[in-house]
Amino acid sequence: LQNEQCENTLYLLHDDVLCIIQVYGGLLHIMNSNRCSLEFCVDSWPNFNTVICRRQNKVLTSHPVQFPNLCTMFTKDLENLRAMLMDDRVIDWTQDTIKGIPGSYCDLIKEVSTGSGMDVKEFKGYNLMVHHNPESLLHNEKMQRHSVQSEMSDPTLKISSLKVSHAELVAKQFDFGGSDLILNHVRSCIQHLPSACILDDSGNPVSWCFSDELCEMRMAFTLPEYRRTGHMKTALTALIKQIHAMGFPVYAHVSEENTTAINMLTSFGFSFSPCIWSITCMPYL
């Protein structure tokens, strides 16, 4: 899709945004410099039933480690989606493929991917939480006062953005961290996309969060010795302001078992929305 077509697609998808918020976020990034090299495919134009957001193939070929293959989608017709998934011009099943998809697509994705020789791993147990009115946070005196008090309670700490040099520390705390693919993806997100952190007097982050190429807030973490201080609320507030100022949706996925994070996001005004599952497809060894 070209820029004008992206704008038309954005308008047409708006009413379904909660069901396809990752697709919506990817489209917004494409329209905002597309620093993480995404592209969109549709089944037809201008009337379409299926939209697939994926990494540009030329990027996967020239930078196979820097960017993981990524694919998310929206459809009004599962059989139409099936046809697109089986078209090797749209999906290259020889690549590792990470998908964020509505739960109603899972059976189809598993059927098509296993039929293409892929081993499928499904990730469930996560809640999608969305803030429907982030503008309210900008005018919430209580939240702003809490943010200032958190920062000023220790004069050696300050609010900043993550740097690429912080990527190893950030990736190490990630549940699926440890690989070059994850580390380089974290580096790319930090380099190109909004982030926020609290730095100690040595310039090292003690609490942080950032956003990815689908506009999702990711990898929020506070070092154990700095917890229960309000630093994460301060970092999240700073990140939400950046994301909202860019016109992006404000949302995150949280493990159902992470009641601390769920309670924190609820206190910010986030609410639960229809869940999106993730599926990782890898070639059989």
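In this report, two residues are in contact when heavy atoms of each lie within 4.5 Å. The structure is a predicted model, in which local features need pLDDT of at least 70 and side-chain atom pairs count only at pLDDT 80 or more, while totals for chains, interfaces and linings use all residues. Residues are numbered from 1 along each chain as its sequence is written, and side-chain values use heavy atoms, with hydrogens and water left out.

**Overview**

The protein chain contains eleven helices and 13 strands. Helices (H or I, at least four residues) and strands (E, at least two) are DSSP runs, numbered from the N terminus. Of the 285 residues in the protein chain, 49% are buried; buried means under 20% relative accessible area, exposed over 50%, and partly exposed in between (1.4 Å probe, protein chains only). Among the contacts in the protein chain with a separation of 6 or more, 68% join residues 24 or more positions apart.

**The residue His166**

His166 is found in the loop between E7 and helix H8 (167-172). Its relative accessibility is 7%, and therefore His166 counts as buried. Apart from neighbours within four places in sequence, His166 is in contact with Leu199, Gly203 and Pro205.

Strands of a sheet pair through backbone hydrogen bonds, either parallel or antiparallel. Here, seven strands form an open sheet with mixed pairing, in the order E7-E8-E9-E10-E11-E6-E12. At its edges stand strand E7 (158-160) and strand E12 (271-273), each of which pairs on one side only. Two strands pair if DSSP finds at least two bridges between them. Within this sheet, strand E9 (residues 205-211) and strand E10 (residues 216-222) pair in the antiparallel sense over four bridges, and Phe210 stands opposite Arg218 in E10.

Angles run from 0 to 180 degrees between N-to-C directions; axes are lines fitted to C-alpha atoms, for helices over the stretch in contact.

| Helix | Strands touched | Angle between directions |
|---|---|---|
| H2 (residues 21-31) | E6 (126-131), E10 and E11 (250-255) | about 135° with E11 |
| H10 (residues 231-245) | E7, E8 (195-199), E9, E10 and E11 | about 150° with E8 |

Ten of the eleven residues of H2 are buried, so H2 is largely enclosed by the rest of the structure. The buried residues of H2 include Tyr24, Leu27 and His29. Just after H2, Ser33 takes a positive phi of about 85°.

**Strands E2 and E3**

Strand E2 (residues 50-55) and E3 pair in the antiparallel sense over five bridges, with Cys53 opposite Thr72 in E3. In a regular strand the side chains alternate between the two faces of the sheet.

**Helices H4 and H5**

Helix H4 (residues 78-85) and helix H5 (residues 106-115) pack with their axes 11 Å apart, at an angle of about 25°. That makes H4 roughly parallel to H5, a term for angles under 35 degrees. Leu78, Leu81, Arg82 and Leu85 in H4 meet Leu108, Ile109, Glu111 and Val112 in H5.

Conventions: Angles under 35 degrees count as roughly parallel, over 145 as roughly antiparallel, 65 to 115 as roughly perpendicular and the rest as oblique.
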